[in-house]
Amino acid sequence: MQYSDQVMDHFMNPRNVGEIENADASGTVGNAKCGDIMKVTLKIEDGVIVDAKFKTFGCGSAIATSSMATEMIKGKKLDEALRLTNKAVAEALGGLPPIKMHCSLLAEQAVKSALLAYYKEHDLITDENKHLFDKLDEDAHDAH
Amino acid sequence: MQKPKRVYLDHAATTPVRKEVLDVMLPLFSEQFGNPSSFYQTGQEAQRLLTQARQTVADCIHADPREIFFTSCGTESDNWAIKGTAEALKKKGRHIITSQIEHHAVLHTCQTLEKQGFDVTWLPVDTNGLVDPEAVRQAIRPDTILVSIMMANNEIGTIEPVETIGSICREQKILFHTDAVQAAGSVPIDVRTLGADMISFSAHKLYGPKGVGALYVRKGVRLPNLLDGGAQENNRRGGTENVAGIVGFAHAFKLAVSEMPVTSQRLTMMRNDFIKSVMAAIPDTRLNGHPVQRLPNNVNFSFKYIEGESILLMLDHFGYECSSGSACTSGSLDPSHVLLGIGLPHEIAHGSLRVTLGRETEAEDLSRMVGDLSKIVARLRELSPLYPADRQQTDLNQHV
């Protein structure tokens, strides 16, 4: 498997590994049967993600995209973080092999599922933003 | 950073061509380049070498040279044996018996026949990967035309009871094919006692070149021609012979057979030491495959809570070249059918690692690998949401 230097960097030295205690939001997607699970925990203050951590069971690209996705949402406002796409994560990593693109969807969905929980809890879902959660209904493994 | 030493530990995938083998092959590309079918001296010299190679391969398995047919790879041999038998005997019956853990060359060939209306019994294996010969006997029906069970499994190394299966097939007068691609050169093969009617071989698994295989076809078994064309391979497989490849294959096979007692003992000892050290160093590790009845060079582990491709990637980074049965490395969404076949749950199968030793493997590389591997597994477990937190604490303490 040919991975870019950025993927290898984020795989070998993943950023933001762990779980935030008393996190304001958390989301877990994937399943062990398919070989990948990602759990994201977020610390949110005044509508801004001040910290993000992850734990991932999965292949190299699943781990690298988890690391990059948490980097990309840290310091972002919630509505900005919601616009994170797997494509943007993959691009930030210098691209992923085509058969690995679905792994990057895992990271996008984990972030969104954490945010969805937070939005629900704080009654923040509006007609304007609800479409941003649409993709959560898809199974990452259908996204080849 | 200094580049790590590359340690190749994937000999079940392929092996380097031995120096002695390369030496006998090289002149055949440009100096002794003749076509064995040609009348003049250069051609006849090639014919002589080909005849000699056929005799050598026959001697390696105690067969008659007329029973050896050269092919382009093990997959071709498997296809020819299975599809050829199906074609030849379809009027007699349309039932084939095989196992759930065959190589894809047998598995997918049988699936193709299923689509064409053949009925295939896929025998399960036990947790060590063994086929039960009695299950073969019970699966035999009046319309059974072929049994195909591999001699040794390519992923978990389990050596199947092919002699017993062969004698059952002989007694029931059913043709028996065995894929010996992984076994040849590692375990003795004697067609006089094996009871196999067809055996598949490949050169590049035993330090010969890629692009050469063979099919042993017992005298009296009539397979349809594989390739219509010239009179090569006794009219059964036309096409100018890969003389250099075939000569290299024969030489490699001969060397492997003559060195087998020594190599096999050496590899078995190294393998057992490696298994013991890894199991002691890394908690929640499972050895896949039979503990004793396995190929001397095969090691297959599952590390709980982590995924195989990420193990391979880190190992590669540290210089070790191995393989895994995880979905991410198989190119599909399911982990290896062999690991599922021995009853592993998906998540354990995803965390598998196959390490296959070879002639050039050194004990010190393996002992260094135990240390690197335990660090890698600990690191990936630290990343894994499946890893229980209480275990993590003890593990981290061990690796500080």
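Predicted model: local features only at pLDDT ≥ 70, side-chain atom pairs only at ≥ 80, totals over all residues.
Residues are numbered from 1 along each chain as its sequence is written, chains are lettered from A and ligands numbered from 1 in the order in which they are written, and side-chain values use heavy atoms, with hydrogens and water left out.

**View 1. The three-stranded sheet of chain A.** An open sheet of three strands has the order β1-β2-β3 in chain A, with antiparallel pairing. Helices (H or I, at least four residues) and strands (E, at least two) are DSSP runs, numbered from the N terminus; two strands pair if DSSP finds at least two bridges between them. Strands β1 (25–31) and β3 (48–57) of chain A each have a single partner strand and stand at the edges, so one side of each lacks a neighbour in the sheet. On average, neighbouring strands of this sheet are turned by 15° against each other, direction ignored. Axes are lines fitted to C-alpha atoms, for helices over the stretch in contact, and angles run from 0 to 180 degrees between N-to-C directions. Strand β2 (residues 36–45) of chain A is joined to β3(A) by nine bridges, and the two run antiparallel. A:Lys43 has A:Asp51 in β3(A) as its bridge partner. Helix α2(A) lies across β2 and β3 of chain A and runs at about 175° to β3(A).

**View 2. Helices α1 and α2 of chain A.** Helix α1 (residues 5–12) and helix α2 (residues 60–73) of chain A have axes that come within 8 Å and cross at roughly 85°. From α1(A), A:Val7, A:His10 and A:Phe11 meet A:Gly60, A:Ile63, A:Ala64, A:Ser67, A:Met68 and A:Glu71 of α2(A). Contact means heavy atoms within 4.5 Å. The residues of the contact of α1(A) with α2(A) comprise five nonpolar, three polar and one charged. In these classes, Ala, Val, Leu, Ile, Met, Phe, Trp, Tyr, Cys and Pro count as nonpolar, Asp, Glu, Lys and Arg as charged, and the others, Gly among them, as polar.

**View 3. Helix α2 of chain A against helix α10 of chain B.** The axes of α2(A) and helix α10 (residues 308–317) of chain B are 7 Å apart, and the helices pack at an angle of about 85°. That makes α2(A) roughly perpendicular to α10(B). A:Gly60, A:Ser61 and A:Ile63 of α2(A) make the contact with B:Glu309, B:Ser310 and B:Leu313 of α10(B). By class, the contact of α2(A) with α10(B) has two nonpolar, three polar and one charged residues.

**View 4. The interface of chains A and B.** Chain A contributes 26 residues to the contact and chain B 22 residues. About 2000 Å² is buried between chain A and chain B, and carbon and sulfur atoms give 71% of this area. Buried area is the accessible area (1.4 Å probe) that two parts lose on being put together, summed over both. A:Met12, A:Lys55 and A:Phe57 supply 30% of the area that chain A buries against chain B, more than any other three residues.

**View 5. Strand β8 of chain B and its two partners.** Five of the five residues of strand β8 (residues 213–217) of chain B are buried, so the strand is largely enclosed by the rest of the structure. Buried means under 20% relative accessible area, exposed over 50%, partly exposed in between (1.4 Å probe, protein chains only). B:Gly213, B:Leu215 and B:Val217 lie on one side of β8(B), B:Ala214 and B:Tyr216 on the other, and both faces are covered. Four bridges connect strand β2 (residues 68–71) of chain B to β8(B) in antiparallel fashion, with B:Phe69 partnered by B:Leu215. Strand β7 (residues 198–202) of chain B pairs with β8(B) over five bridges, also antiparallel, and here B:Ile199 is partnered by B:Tyr216.

**View 6. The β9-β10-β12 sheet of chain B.** Three strands of chain B form an open sheet in the order β9-β10-β12, with antiparallel pairing. Strands β9 (285–287) and β12 (352–356) of chain B stand at the edges with a single partner strand each, so one side of each is left without a neighbour in the sheet. The twist averages 25° from one strand to the next. Three bridges join β9(B) to strand β10 (residues 298–303) of chain B, and B:Thr285 stands opposite B:Phe303 in β10(B). Helix α9 (residues 243–281) of chain B packs on the sheet and touches β9, β10 and β12 of chain B, its direction making about 10° with that of β10(B).

Notes:
Parallel < 35°, antiparallel > 145°, perpendicular 65-115°, else oblique.
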